[in-house]
Amino acid sequence: MVGRSLLDLIGSTPLVELTHIQPHGRRMLAKLEGQNPTGSIKDRIALAMVEAADLPPGAELLEPTSGNTGISLALVAKLKGLKLTCVMPANATPERRTLLELYGATIIESPGELGSNGAVQLAQEIAGRNSRYTMLFQYANDANPRAHYEGTGAEIADALPRVDALVAGLGTGGTLMGTGARLRDTFPDVQIVAAEPLPGDPVMGLRSLDDGYVPPILDVSKLDRKLLVSNAEAAAAVHRLVAQEGLFAGVSAGAVVHVARRIAEELPEGAVVVCVLADGGWKYLSAPFWSGEAIDDETLWW
Amino acid sequence: MSVVRVPPVLRTEAGGAREVEASGATVRELLEDLAVRVPALGEKVYASGAIQSFVNVYVDGEDVRTRDGLDTPVRETSTVILLPAMAGGCGR
């Protein structure tokens, strides 16, 4: 394929069977979202949200993001002649900051100890005060799940004759809602399974329960299962992916594979479990756990 | 007795404890027992017969909202985790 721009190369990611990790008699198929142009699944929603907003050239975007969405928006903004400011926790990995800056985004730091909730709050305050900003706001933008309904989900349904379970990481909920809805159209009995990070104490820096946040696009009643994954479990699965399958994946991908294996073991022989691996391991190279160091509970990795 | 893990944001209500104990064969029974043992914590988590909207309750790592809700069975050996609802995306 020859694209007229990188935007034409978003989506249509490949599936690969995890032959060394899948339990006997069940298939686990990984959808490699790290193969999108900026290396993550967020390219899909960045393009969809920007196109749905139909902004004039020079318009300024503002988005709370911990990294991947910002990097994807930075690429899309650049190629569409828009400006981007990202609000991100001050303790984001240096790879993410560097990438954002290379793509030309402006960064505003939110308090690291408040995590993503803090970035969301600060971005909402800034957008409320400055009408020049358009906040696409992935947590509440219908174009987010729609990109997965029309893209991720349709691609999986077209590629496979059978899907018993879909496992994806829970962040905004967009991947699970959109992909899940599309797969249900074709495979009515498919189980939609969320892998959710178990946060350690230091990342739960909320001042009160009222600072809690449920993304408006997430409808938990559409999920069949929702399982917590510890950092240690996710890191162990990331190591296993690269050691046994040669697949260098991000932390949430490890969590997804950890949960997918458990689900595959519960399902009958012949079952097919699709795992959405949101990104590759590149943006986590500065993390300590590659060298076998124990992973802490003090960081939320996705 | 099951172990109930308390998130930092609710520890004041639990007298500073990271973990408390409560008993019950279902999540409903357990939360009602919790409300008797640690009333301040109980009412933040469970009120008017429902789990509060910004609180997630997990039994052995699984969100009870995608199991049987308040009827989800709890075993003596179960760990129950209470977590505040958080925005997705990593915090660093």
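The conversation below goes through several labels one by one, setting each value against its cut-off.

Biologist: What confidence does the predictor give to the complex and to chain B?

Modeller: This is a predicted model, and the predictor gives the complex an ipTM of 0.90 and a pTM of 0.93. For chain B the mean pLDDT is 91, with 93% of its residues at 70 or more. Within that chain, confidence is lowest in strand β3 (residues 46–47) of chain B, at a mean of 92, and highest in helix α1 (residues 27–37) of chain B, at 97.

Biologist: Why is A:Gly174 called buried?

Modeller: A residue counts as buried if 20 or more other C-beta atoms lie within 10 Å of its own, and A:Gly174 has 33 of them within 10 Å, so it is called buried. A:Gly174 is found in helix α6 (residues 174–186) of chain A. Leaving aside neighbours within four places in sequence, A:Gly174 is in contact with A:Ile45, A:Gln138, A:Asn144, A:Pro145, A:His148 and A:Ile217. As for A:Gln138, it is 36 residues from A:Gly174 along the chain, while their C-alpha atoms are separated by 8.2 Å.

Biologist: What do the buried residues of α6(A) pack against?

Modeller: They pack against α1 (42–53), α5 (143–159), β7 (165–169), β8 (191–197) and β10 (272–277) of chain A. Among the buried residues of α6(A) are A:Gly174, A:Leu176, A:Met177, A:Gly178 and A:Leu183.

Biologist: How do you know what length to expect of α6(A)?

Modeller: The expected span is 1.5 Å times one less than the number of residues; α6(A) has 13 residues and reaches 19 Å from its first C-alpha to its last, which is close to the 18 Å expected. Likewise α2(A), with 13 residues, reaches 18 Å, close to the 18 Å expected.

Biologist: What makes α2(A) largely enclosed by the rest of the structure?

Modeller: Of the 13 residues of α2(A), 10 are buried, so this helix is largely enclosed by the rest of the structure. The buried residues include A:Asn68, A:Ile71, A:Leu75 and A:Ala77, and what covers the buried residues of α2(A) includes α1, β3, β4 and α3 of chain A. After the helix comes A:Gly81, whose phi is positive, near 75°.

Biologist: Why is α2(A) called roughly parallel to α3(A)?

Modeller: Helix α2 (residues 68–80) of chain A and helix α3 (residues 94–102) of chain A pack at an angle of about 15°, with their axes 9 Å apart. Angles under 35 degrees count as roughly parallel, and that makes α2(A) roughly parallel to α3(A). The contact is made by A:Gly70, A:Ile71 and A:Ala74 of α2(A) and by A:Arg96, A:Leu99 and A:Leu100 of α3(A). The crossing of α2(A) and α3(A) is left-handed.

Biologist: What makes the phi of A:Asp54 and of A:Phe137 worth a comment?

Modeller: Most residues other than glycine have a negative phi. A:Asp54 has a positive phi of about 50° although it is not a glycine, and A:Phe137 has a positive phi of about 55°, again without being a glycine. A:Asp54 is found in the loop between α1 and β3 (60–64) of chain A, and A:Phe137 in the loop between β6 (133–134) and α5 of chain A.

Key
Residues numbered from 1 in each chain as written. Chains lettered and ligands numbered in written order. Predicted model: local features only at pLDDT ≥ 70, side-chain atom pairs only at ≥ 80, totals over all residues. Helix = DSSP H or I, 4+ residues; strand = E, 2+ residues; numbered from the N terminus. Buried ≥ 20, exposed ≤ 12 C-beta atoms within 10 Å, placed from the backbone. Contact = placed C-beta atoms within 7 Å. pLDDT = per-residue confidence, 0-100. Axes fitted to C-alpha atoms, helices over the stretch in contact; angles between N-to-C directions. Parallel < 35°, antiparallel > 145°, perpendicular 65-115°, else oblique. Left-handed = near helix turned anticlockwise from the far one by under 90°.
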